[in-house]
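Please examine the sequence and the structure displayed here before reading on.

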Amino acid sequence: MENFNFCVGTRILFGKGQEEKLPELLRPYGNKVLLTYGGGSIKRTGLYDRIKSLLHEFEIFELGGIEPNPRIESVYAGAEICKEEDIDVILAVGGGSTIDCSKAIAAAAYYEGDAWDLILHPDWIEKALPICTVLTLSATGSEMDNGGVITNLKTKEKLGFGNPLLLPKASVLNPENTFTVPASQTAAGSADIMSHILEVYFDTRRAAVPDRISEGLLKTVIQYAPIAVREPENYEARAELMWTSSLAINGICSTGKDCAWSCHPMEHELSAYYDITHGVGLAILTPRWMRYILNEHTVEKFAEYAKNVWGIAEKADLFETANAGIDATEEFLKSLEIPMTLSEVGITEEHFTEMAEHAVIFGGLSEAYVPLKAEDVVNIYRMCM
C-alpha cells in the first residue's frame, strides 16, 4: 500500500427531509445565492418550489438548463452572474452534471481569463466560491469530491478537472429526490458508480482494505440497482445507491493506490464527439476493456474480482474464473437494459483514430493499470461495435 492523505471535508446530510436545513447550511456564507439546475425536472417534481420557499430570506439568482454533459458555455454564463451580482455561495440542485458545472463556475467567478483555462490547468485555481449541493441523481459522486468534467464542443474536448477548493461544503442526500429518475437514467447512473469503483480496484498495487470496501460497494450496486429500476420509489434501494455513489469516488476506494483510469478517458471522447449518456458509454466499454487487458499479469486480479464480487467458484483454470467474472459483469449491465454496443447509440468508426489519440493524450492511459496506446483504444472501440 502506498502513502496517502485522506480527508473529506464535505458535510453530508443524509435522509428524508434534510432540505429543511438548507437555510442554516447557506447562511454562514452570505445572502446572495446562485441556484443552478438542469433541464427542469426539479420544477416538475416540486423540489424547486420547496427550495425557493425554504430560502425565502435569501436573494436568489438562477442558472437553469445545464446540459447532461455540461458545456463550457454554461460555465461562462454562471461565472458572469457571479461576477455581476457578487454571489456569495452556489447551491447546485441536480445530478453530477449540475454539480460539475457549478464547481467550474465557482472557480471561474474569480478568474478574469477564459474559464476553459481552468479546465486545462486546474492548478491555476487560487480561489473559489463555496458550493453546497442537493443531489437528485445517484451516479457521479460529485457531491463529495473536488473534481468534475466539462465539455467544449468547439474543440471536441471533454476533460476532467479538480482542485481541493472545489470540494462542496455540504451536500443534502435525500433518496426521495431520486424517486422520479427514469429507469434508463437509474441504470446508467449505476453503471457510472460501478465504473468509478472498478477504475481504482484494478491496480498493480496491493491494498486489501480499499479493495474489500470496493467489493462491498460493487455488491451493493449489483443488489439494489435492479430493484431501483423496477421499483423507483423503493426508499431502501434508492438510499443504498445514493450513498454508494458518494463513497465510490470520495477517495476511500483509492487509498494506497495511484493509477490512471482507463474507461473514463475512453468514454469522455465518445460523449465529446457524440454527446451520449456518460454511464451508457461506460457500460459499453467496461466488459470489452476487461477482455482486452486480460492476460497472464492481470488474470489473478480478475479471478479475485470474479470470486469476491460475483461469488463465482474458483475453477481449475484461472482464466476461466476471470472470464466468468467478466461475463457476469456484461450480463448484469445488459439486464439493466442499457445499450451495449456503440452502434446502438449512433456511433460509427469514423472518428475512432482521433478519439483514441485524444484519450491517450488527455487521459493518462500510458500510466493505466494496463498501459494503452492509441491503437489499443481503437481496438477496444471496435470490440464495442
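## A residue in helix α10

Which residues does E267 touch, not counting residues up to four places away in sequence? They are K158, I276, T277, H278, G281, L282 and L285, where contact means heavy atoms within 4.5 Å. E267 itself is found in helix α10, residues 263-274; helices (H or I, at least four residues) and strands (E, at least two) are DSSP runs, numbered from the N terminus. E267 counts as buried because its relative accessibility is 0%. Buried means under 20% relative accessible area, exposed over 50%, and partly exposed in between (1.4 Å probe, protein chains only).

## Basis of the report

The model is predicted, so local features need pLDDT of at least 70 and side-chain atom pairs count only at pLDDT 80 or more, whereas totals for chains, interfaces and linings use all residues. Residues are numbered from 1 along each chain as its sequence is written, and side-chain values use heavy atoms, with hydrogens and water left out.

At the interface, 26 residues of domain 1 are in contact with 28 residues of domain 2. The size of an interface is often given as the accessible area lost when the parts come together. Here domain 1 and domain 2 bury about 2,300 Å² between them, with 63% of it on carbon and sulfur atoms; this buried area is the accessible area (1.4 Å probe) that two parts lose on being put together, summed over both.

Two salt bridges are found across the interface of domain 1 and domain 2. A salt bridge is a side-chain nitrogen of Lys or Arg within 4 Å of a carboxyl oxygen of Asp or Glu. The interface of domain 1 and domain 2 also has eight residue pairs in polar contact, both residues being at pLDDT 80 or more. A polar contact is a pair of N or O atoms within 3.5 Å; within protein, one must be able to donate a hydrogen and the other to accept it, and residues adjacent in sequence count only if both atoms are side-chain atoms. On the side of domain 1 that touches domain 2, β1 (11-14) and β7 (157-162) each supply at least two residues. The most comes from β7, with three residues.

## Residue D275

R71 forms a salt bridge with D275, and their closest N and O atoms are 3.0 Å apart. D275 is found in the loop between α10 and α11 (278-293). With a relative accessible area of 38%, D275 is partly exposed. The phi of D275 is near 55°, a positive value in a residue other than glycine.

## Salt bridges within the chain

How many salt bridges does a search of the whole structure find? The search finds 21. Side chains of opposite charge can pair when their charged atoms come close. D211 is buried at 3% relative accessibility, and K301 is buried with a relative accessible area of 5%. D211 and K301 also belong to a network of salt bridges that links R206, D211, R212, E215, K257, K301 and E304.

Another salt bridge joins E349 and R382, whose closest N and O atoms are 3.4 Å apart. This pair links distant parts of the chain, 33 residues apart, with E349 in the loop between α13 and α14 and R382 in helix α15. E349 is partly exposed, with a relative accessible area of 42%, and R382 is partly exposed at 46%.

## The buried residues of helix α15

Helix α15 comprises residues 374-383, and its buried residues are D376, V377, V378, I380 and Y381. The elements that cover these buried residues of α15 include α10, α11 and α14.
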